[in-house]
Amino acid sequence: MATGQVLFQRFYYSKSFIKHNMEVVAMSCVNLAAKIEEAPRRNRDVINVFHHLRQLRTNRVPSPLTLDQGYINTKNELIKSERRILKELGFCVHVKHPHKIIVVYLQVLECHKNQPLVQTAWAARLLSHRLLLPTPARCHMTPTSARDWLPETAGCPMRWLEGTAAGEAAAPPGSVALY
């Protein structure tokens with residue numbers, strides 16, 4: 001899912017929401033992400049999931065998707081959109097997940113099960129990369145201040161790691177030195 005989200009963002013950095021149907025592009029990104037992560041799904045499965053989510057969002061009783069001309073058109077749009085995404089990205093679909101460093105920090109601090117901290121860390125990391133996504137918490141900081149601020153915010157126990165070379169001081173208060 002995170003890979004599809006990154007592909008979606010990279011596509012819309014240079015393309016318009018007005019010219020390209022957001023739902024079809026989202027379906028294509030999820031489908032392409034499944035292929036990248038070596039867990040391919042059928043186009044029909046992706047379309048069915050989005051159909052089900054659309055019904056839930058509009059408060060309708062979920063019903064199966066009928067295999068009519070509308071389904072065939074959606075499937076063709078999904079395939080064309082996937083090609084358009086690949087072309088726009090220059091077939092460079094290697095994805096670096098922006099949250100990976102936060103996961104590492106939280107595991108080192110033994111705070112990866114602290115849900116408020118995880119959500120705040122995720123929001124801080126997204127904002128530090130200027131990704132325009134709905135975030136669970138609002139915070140304005142740089143990546144280094146996020147690293148320094150997050151553990152103290154959620155009451156996470158701090159571990160001070162000493163410097164490795166002789167004469168190096170311990171990490172200053174409010175930060176963690178990782179070697």
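Buried means under 20% relative accessible area, exposed means over 50%, and partly exposed lies in between, with a 1.4 Å probe and protein chains only. By that scale Glu88, at 31% relative accessibility, counts as partly exposed. This is a predicted model, in which local features need pLDDT of at least 70 and side-chain atom pairs count only at pLDDT 80 or more, while totals for chains, interfaces and linings use all residues. Residues are numbered from 1 along each chain as its sequence is written, and side-chain values use heavy atoms, with hydrogens and water left out.

**Salt bridges**

- The structure holds four salt bridges (a side-chain nitrogen of Lys or Arg within 4 Å of a carboxyl oxygen of Asp or Glu).
- One of them joins the side chains of Glu88 and Lys15, at 3.3 Å from N to O.
- That pair links distant parts of the chain, 73 residues apart: Glu88 is in helix H4 (residues 69–88) and Lys15 in the loop between H1 and H2. Helices (H or I, at least four residues) are DSSP runs, numbered from the N terminus.
- Lys15, at 31% relative accessibility, also counts as partly exposed.
- Glu23 and Arg54 meet through their side chains in a salt bridge of 2.5 Å, N to O.
- Glu23 lies in helix H2 and Arg54 in helix H3, so this pair ties together parts that are 31 residues apart in sequence.
- Glu23 is partly exposed at 23% relative accessibility, and Arg54 is partly exposed at 27%.
- Lys35 forms a salt bridge with Glu82, with the closest N and O atoms 2.7 Å apart.
- Because Lys35 lies in helix H2 and Glu82 in helix H4, the pair ties together parts that are 47 residues apart in sequence.
- Lys35 counts as partly exposed at 39% relative accessibility, whereas Glu82 is buried at 9%.

**Second largest pocket**

- The second largest pocket has a volume of about 230 Å³. A pocket is an open set of points on a 1 Å grid over the protein atoms alone, where a 1.4 Å probe fits, with protein on both sides within 12 Å along at least five of seven lines. The volume is the space filled by probe spheres set on the points, which are joined across faces, edges and corners.
- Its lining has 13 residues, each with an atom within 4 Å of a point. Met1, Val30, Ala34, Ala39 and Arg41 lie nearest the centre.
- Helices H1 (2–12), H2 (22–36) and H3 (43–57) are the elements that give two or more residues to this lining, and H3 gives the most, with four.

**Leu117**

- Leu117 is found in helix H6 (residues 115–128) and, at 2% relative accessibility, counts as buried.
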